[in-house]
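Dear colleague,

Please find below the structure for your review.

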Amino acid sequence: MIWDRNEVILPAHGAFPELLSAAETGWQFPPGDTDALADALQQALSDEPRRRAYGQRGRHFVLTERSADLVAKQTAQVLEQICQKARK
């Protein structure tokens with residue numbers, strides 16, 4: 001099932017490295033480095049156990065750290081703090 005797989009290949013740019021290093025869910029490559037991208041794709045295609053492990057860790061990470069409910073709850077907390085400060 002597709003929801004059991006969340007392994008990724010992303011450029012090492014912006015917030016992507018933090019997400020991948022935090023969750024160990026995929027491969028990174030330097031932006032614009034097509035050889036490194038090709039290497040990451042080859043690794044992903046040829047290493048099923050690693051791909052499955054990345055997918056399982058990725059799914060766990062998304063469900064526990066980035067779920068819609070969690071993000072909504074965190075956003076509500078921040079907004080509540082802002083409102084409390086504005087009332088003072």
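**Helix α2**

The expected span is taken as 1.5 Å times one less than the number of residues. Helices here are DSSP runs (H or I, at least four residues) and strands are likewise DSSP runs (E, at least two), numbered from the N terminus.

Please note that this is a predicted model, in which local features need pLDDT of at least 70 and side-chain atom pairs count only at pLDDT 80 or more, while totals for chains, interfaces and linings use all residues. Residues are numbered from 1 along each chain as its sequence is written, and side-chain values use heavy atoms, with hydrogens and water left out.

Ala36, Ala40 and Ala44 of α2 are buried (under 20% relative accessible area, with exposed meaning over 50% and partly exposed in between; 1.4 Å probe, protein chains only). These residues cover an arc of only 75 degrees around the axis, which puts them on the same side of α2; the arc is that of the directions from the helix axis to the C-beta atoms. The cover over the buried residues of α2 includes β1 (8–11), β2 (26–29) and α3. On the other side of α2, the exposed residues are Thr34, Asp35, Leu45 and Ser46. Aspartate 35 counts as exposed because its relative accessibility is 63%.

**Helix α3**

The 18 residues of α3 should span 26 Å at 1.5 Å a residue, and the 25 Å between its end C-alpha atoms agrees with this. Arg51, Tyr54, Gly55, Gly58 and Phe61 are buried in α3. They cover an arc of only 135 degrees around the axis, so they lie on the same side of α3. Phenylalanine 61 counts as buried at 13% relative accessibility. The face turned away from the buried side of α3 carries the exposed residues Pro49, Arg52, Gln56 and His60.

**How the two helices meet**

The axes of α2 (residues 34–46) and α3 (residues 48–65) come within 5 Å and cross at roughly 95 degrees. That makes α2 roughly perpendicular to α3 (65 to 115 degrees). Gln43, Ala44, Leu45 and Ser46 of α2 make the contact with Glu48, Arg50 and Arg51 of α3, where contact means heavy atoms within 4.5 Å.

With kind regards

Note on methods:
Axes fitted to C-alpha atoms, helices over the stretch in contact; angles between N-to-C directions. Parallel < 35°, antiparallel > 145°, perpendicular 65-115°, else oblique.
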